[in-house]
Amino acid sequence: MAKAIMVQGTMSNAGKSLLVAGLCRIFARAGYKVAPFKGQNMALNSAVTKDGLEMGRAQVMQAEAAGIDPDVRMNPILLKPTSDMGSQVIVLGEVLDTMKAADYYAYKANLKSSVQDAFDSLSEDFDIVVIEGAGSPAEINLKTDDLANMGMAKMAKAPVLLVGDIDPGGVFAQLYGTMELLGEDERAMVKGLVINKFRGDVEILRPGLAPLEEMCGVPVVGVVPYTKLDLDDEDSLATRLNQHSSEGVLDVAVIRIPHLSNFTDFNAIERHPMMALRYVDNAVELGRPDLVVLPGTKNTLDDLAWLKESGMARCTKALAAQGTPVIGICGGYQMLGEQLHDPFGVEEGGDAEGLGLLPMETTFTTEKRRTRITGKCLDLEGVFAPLSQLDLEGYEIHMGTTTGSCPASVCLHQQDGDVTDGGQCGNVLGSYLHGFFDAPGICDALAQALAQARGISLPELQHKTSQAFKEEQYDLLADTLEAALDMDQVYRILNEGV
């Protein structure tokens, strides 16, 4: 069985996901077989494993850092919010139900065995499992049947590193207050404190560390400097969603719909040297970009209604009529069509008019399509012609079938025969394919297409593939943690357990 260590935080966005990824990389570089794990994750960013099961994007990123394929056992419970009060509950990669929060908390004790079995099974295949907590372990109203923090640590018999975020201030109160709100048995699980995202001279911080250790009864195992990294984000707390200005040659505007999901689809555009990506949620910010993108959503009909009420639908249609390229991915593709039908009440129920930019109709079904696929762009016309015949790789996660009369945009290679996906009508393009922009050459071709539409020329582009860039980022993260943490102490905590 694997040894386990757990990273918990004083709050959301304390840096747990990246610390887990960094530890996975460190242990993997040291020659261990290591896997990430998160018993219960709430996020709209998800991905599909090779065997067609859905899991949180953060654990996919952590698996990449560990140099292994994502496995649904790494994230047995995924909650995907569909509204302010409810979430789609995904257990071991498959949809269980959509539940209101109160109903889920009444039910979740039934899922403990699924989480325990997934962890035990994963532990049999690896030397080390690095577990990520969720939010804060000091949420005293949520301790019953906890599957995310101290409840998970006890199930895994994992020592805990408690991480505080110094960037917003109050890190000493975060760490001490969290320890004080833990029960005696829970405090005994915490074996080390980590201060994350520190800016400046660590010597200024040092006089406070000894009193903190004395008050908490736990050593500080490291002060991690604020490091600019570009890796896949877990959820809507991502700082990249607050980018409202564009300084690049080509301006790409992603509409920030209320139930935005899988915004990691656009990281490759953001990294491109000729394109600047920003997220907008009102007509003034939208302006006149070189490309408008409608992203994926966990509630297509509700977000479509928001587009109309906010004026963003009218603005998007006006820009498209003036020749501005528009791309829709997954739910965004569905919204570009003429009609959407929900006869089974999968989302809001009933029918709705789409933006009418593609002659397509979508009917929601109760079955969720989840699959990893390869493919290629078909022979596209007009502004998107430079993308023609380029290879693609990604995944589909959606409920609904879209049909219509416009030419398809993508050919998907499947074991039982190729099928077409998406559609193009002039300067409007749609596809169900998450990861559309990640394949080598796609972003270069898109940049050339947008430059041609602007009547400008771009220099010869020489830059890294998305995968090569990610590998560099994982190594930078691991190097930073190895320098900042007392790794001898971390290994001792790992080996001694609880």
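Cys425 is partly exposed, with 37% relative accessible area; buried means under 20%, exposed over 50% and partly exposed in between (1.4 Å probe, protein chains only). Its sulfur lies 6.2 Å from the closest cysteine sulfur, that of Cys406, too far for a bond. The structure holds 0 disulfides, a disulfide being a pair of cysteine sulfur atoms within 2.5 Å. Cys411 is in none, and the nearest cysteine sulfur, in Cys377, is 10 Å away.

The model is predicted: local features need pLDDT of at least 70, side-chain atom pairs count only at pLDDT 80 or more, and totals for chains, interfaces and linings use all residues. Residues are numbered from 1 along each chain as its sequence is written, and side-chain values use heavy atoms, leaving out hydrogens and water.

There are 22 salt bridges, each a side-chain nitrogen of Lys or Arg within 4 Å of a carboxyl oxygen of Asp or Glu. Three of these pairs are tabulated below.

| Pair | Closest N and O atoms |
|---|---|
| Arg370 and Glu94 | 3.9 Å |
| Glu186 and Lys143 | 2.8 Å |
| Arg271 and Asp230 | 3.1 Å |

Glu186 is buried at 9% relative accessibility, whereas Lys143 is partly exposed at 28%. A salt-bridge network links Arg25, Arg29, Glu471, Asp475, Asp479 and Glu482.
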